[in-house]
Amino acid sequence: MGRAEKVSSIVLVAFGLFVAFYSRQYLKLGKMITPGAGFLPYWIGIALAVLGAIWFLNTRLSRSGSGAGGEERVAVNAAAEKEALRGRILSRFLPGVLLVILYAWLFEKAGYLVSTALFMVGWQKVVEKEGWRKTAVIAVLCAGCMYTLFSYLLKVYLPTGTWFS
């Protein structure tokens with residue numbers, strides 16, 4: 001567990017609190033039986049903050065339990081972690097960010113179903129490096145389940161795309 005995980009967990013807590021605050025302040029929360037536009041983001045923000053806090057505590061507890069001589073190991077591990085982190089950033093983080101940007105751009109043009117399915121295919125192939133069978137199953141299930149959730153259960157309008165209308 002390194003410094004990057006501590007910083008990431010703190011950023012996750014801050015982001016979750018921001019999402020919860022923004023949702024509560026500027027969007028209608030509604031009630032459990034009639035949720036407003038801010039209901040889901042509010043609870044997602046709370047969940048992110050709680051998970052970030054758990055992650056931070058887990059990082060702190062695992063580091064303090066390393067015992068005597070642990071500082072030398074920590075220094076050696078820090079250098080290896082730094083190199084591994086750089087490799088992860090180049091191979092996973094940057095392609096992931098580019099895929100999210102491409103997804104946001106494609107969302108209104110191609111519509112929800114097509115853009116989400118393409119995003120999931122790209123994510124599974126580029127970031128997760130999965131095989132085609134698993135990629136196809138995950139892409140279809142994710143796009144279909146999220147479409148069902150938002151369109152039928154939450155009654156949220158999802159764009160059909162300007163390319164197809």
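# A tour of the aromatic cluster

Select Tyr103, Phe107, Tyr112, Phe119, Trp123, Tyr147 and Tyr152: ring pairs link these residues into a cluster. The model is predicted. Across the whole structure, a search turns up 9 aromatic pairs.

**Stop one: Tyr103 and Phe107.** Zoom in on these two rings. Their centres are 5.7 Å apart and their planes meet at 75 degrees, so the pair is edge-to-face; the cut-off for that class is over 60 degrees. Colour Phe107 by accessibility: its relative value is 23%, so Phe107 counts as partly exposed.

**Stop two: Tyr147 and Tyr152.** Here the ring centres are 6.1 Å apart. The planes stand at 80 degrees, so this pair is also edge-to-face. Tyr152, at 52%, counts as exposed.

**Stop three: helix H4.** Select residues 112-127.

Next, pick out the buried positions of H4: Tyr112, Ser115, Thr116, Phe119, Met120, Gly122, Gln124 and Val127. Tyr112 and Phe119 also belong to the ring cluster.

**Last stop: Lys129.** Step just past the end of H4. Lys129 takes a positive phi there, about 55 degrees.

Technical notes
Residues numbered from 1 in each chain as written. Predicted model: local features only at pLDDT ≥ 70, side-chain atom pairs only at ≥ 80, totals over all residues. Heavy atoms only, no water. Phe/Tyr/Trp six-rings, centres within 6.5 Å; stacked < 30°, edge-to-face > 60°. Buried < 20%, exposed > 50% of the residue type's maximum accessible area, 1.4 Å probe, protein only. Helix = DSSP H or I, 4+ residues; strand = E, 2+ residues; numbered from the N terminus. Expected span 1.5 Å × (residues − 1).
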